[in-house]
Amino acid sequence: MRDGVTLGSPLVLAVPNRDWENWSKVMDPWSVDPVAAVKRRLTAPRPGHADLAGALKYGHTSDLRNVLERASARETAARVAAGAVCKQLLARCGVQIRSGVLALGGIELLDGPPAFSDLERVDDSSPLRTVEPSREAEIVAMVDRAKHAGETLGGVVGVAARGVPPGLGSYVRWEERLDGLIAQAVMAVQAVKAVAIGAGLEAAGLPGSAAHDPILPGEAGLRRGSNRAGGIEGGVSNGEEIVVRAFMKPIATLREPLPSVNLATGEAAAAAYERSDVTAVPACGVIVEAAVAFVLARAVLDKFGGDHVDDTLAAIEAYRRRLGKHGPAWFVAP
Ligand SMILES: Cc1cc2nc3c(=O)[nH]c(=O)nc-3n(C[C@H](O)[C@H](O)[C@H](O)COP(=O)(O)O)c2cc1C
């Protein structure tokens with residue numbers, strides 16, 4: 001960057017890890033403290049983590065740290081930083097994106113997919129970032145109870161993007177379908193085990209008449225009677241809010257560990273434990289928001305292109321005019 005604008009070369013973001021210094025001696029076998037390095041080796045993989053699968057893949061059976069330090073979700077700090085840049089580009093194109101916690105540890109705060117307006121209730125300064133700030137004390141108490149019991153908790157996060165132009169993605173090429181790209185990016189966030197777009201799983205149990213969104217005429221453009229599709233039909237954005245939910249499993253590091261095997265001796269052993277969170281669902285929401293922003297920003301550039309944001313905006317404007325009254329009302333008559 002120079003004078004506040006990008007130069008066209010890759011934008012580099014660095015996120016220093018303040019804990020790094022404390023670990024350099026432990027991680028480095030040639031360090032001045034080899035005893036500490038050997039003592040901190042981990043050999044009993046945690047069920048649910050990358051430990052065992054990663055050790056088998058690369059032969060790291062003598063120290064699982066070679067796997068777990070890289071598999072850690074700390075890596076997602078980079079995705080969040082890149083996502084923040086994507087959000088700036090999206091904002092210039094009129095796209096807003098928000099996230100929040102919909103359920104935590106079995107406490108459901110919202111039934112079904114969120115609308116953008118639900119996520120506007122989220123207090124970004126709250127450690128929980130839920131759609132029901134008035135219930136956060138109840139959830140904090142539950143997390144505390146889980147902590148004392150040595151348990152961990154999963155949950156559901158939601159993301160919604162408003163102002164997304166119709167036509168992003170593809171119904172022609174499967175690898176460019178917007179729902180497929182979003183699902184890949186969101187599922188690739190550590191511990192996310194399911195992704196729903198719009199009504200998602202619930203749609204599978206509904207009759208067709210209750211699962212789809214009526215198309216309604218309007219003076220200035222078309223409107224939809226509902227948004228069960230979550231803003232994507234046929235792999236292409238349809239102009240409605242893009243709505244994504246991610247379902248996160250509980251953290252795999254347990255203070256009361258599950259059975260495992262010491263890979264060094266082959267004997268039964270409790271799975272490794274070290275400092276770990278009880279839940280990371282609120283952080284997961286921030287990461288998933290960044291992941292969706294990344295996919296949407298790329299999809300905007302794929303459709304509208306441009307080396308300068310003004311070129312992108314001009315292409316959006318020309319498209320808006322071409323759609324005329326066939327486009328979504330909010331898009332054709334801003
Ligand atoms: C924001 C965030 C923080 C996490 N923090 C921890 C943690 O402190 N301890 C832990 O064992 N797992 C943590 N995880 C989960 C692991 O990264 C995850 O369980 C592991 O990658 C295996 O899940 P996978 O099979 O989906 O990859 C966290 C995940 C996320 C998204």
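**Entry 1: two helices**

I looked up helix α8 (residues 178-187) and α10 first: their axes come within 9 Å and cross at roughly 145°. Axes here are lines fitted to C-alpha atoms, for helices over the stretch in contact, and angles run from 0 to 180 degrees between N-to-C directions. Helices are DSSP runs of H or I, at least four residues, numbered from the N terminus.

The model is a predicted one: local features need pLDDT of at least 70, side-chain atom pairs count only at pLDDT 80 or more, and totals for chains, interfaces and linings use all residues. I number residues from 1 along each chain as its sequence is written.

Which residues of α8 meet α10? I found L178, L181, I182, A185 and V186 on the α8 side. Facing them in α10 are V288, A291, V292, F294, V295 and A299. Contact means C-beta atoms, placed from the backbone, within 7 Å. By class, this contact has 11 nonpolar, no polar and no charged residues. Nonpolar covers Ala, Val, Leu, Ile, Met, Phe, Trp, Tyr, Cys and Pro; charged covers Asp, Glu, Lys and Arg; the others, Gly among them, are polar.

**Entry 2: the domains**

The chain is divided into domain 1 (23-71) and domain 2 (76-332), with bounds from an automatic or database domain assignment. Their contact takes 12 residues from domain 1 and 13 residues from domain 2.

**Entry 3: helix α11**

Helix α11 (residues 309-323) has 15 residues and reaches 21 Å from its first C-alpha to its last, close to the 21 Å expected. The expected span is 1.5 Å times one less than the number of residues. Just after α11, I noted that G324 takes a positive phi of about 50°.

Definitions and conventions. Contact = placed C-beta atoms within 7 Å.
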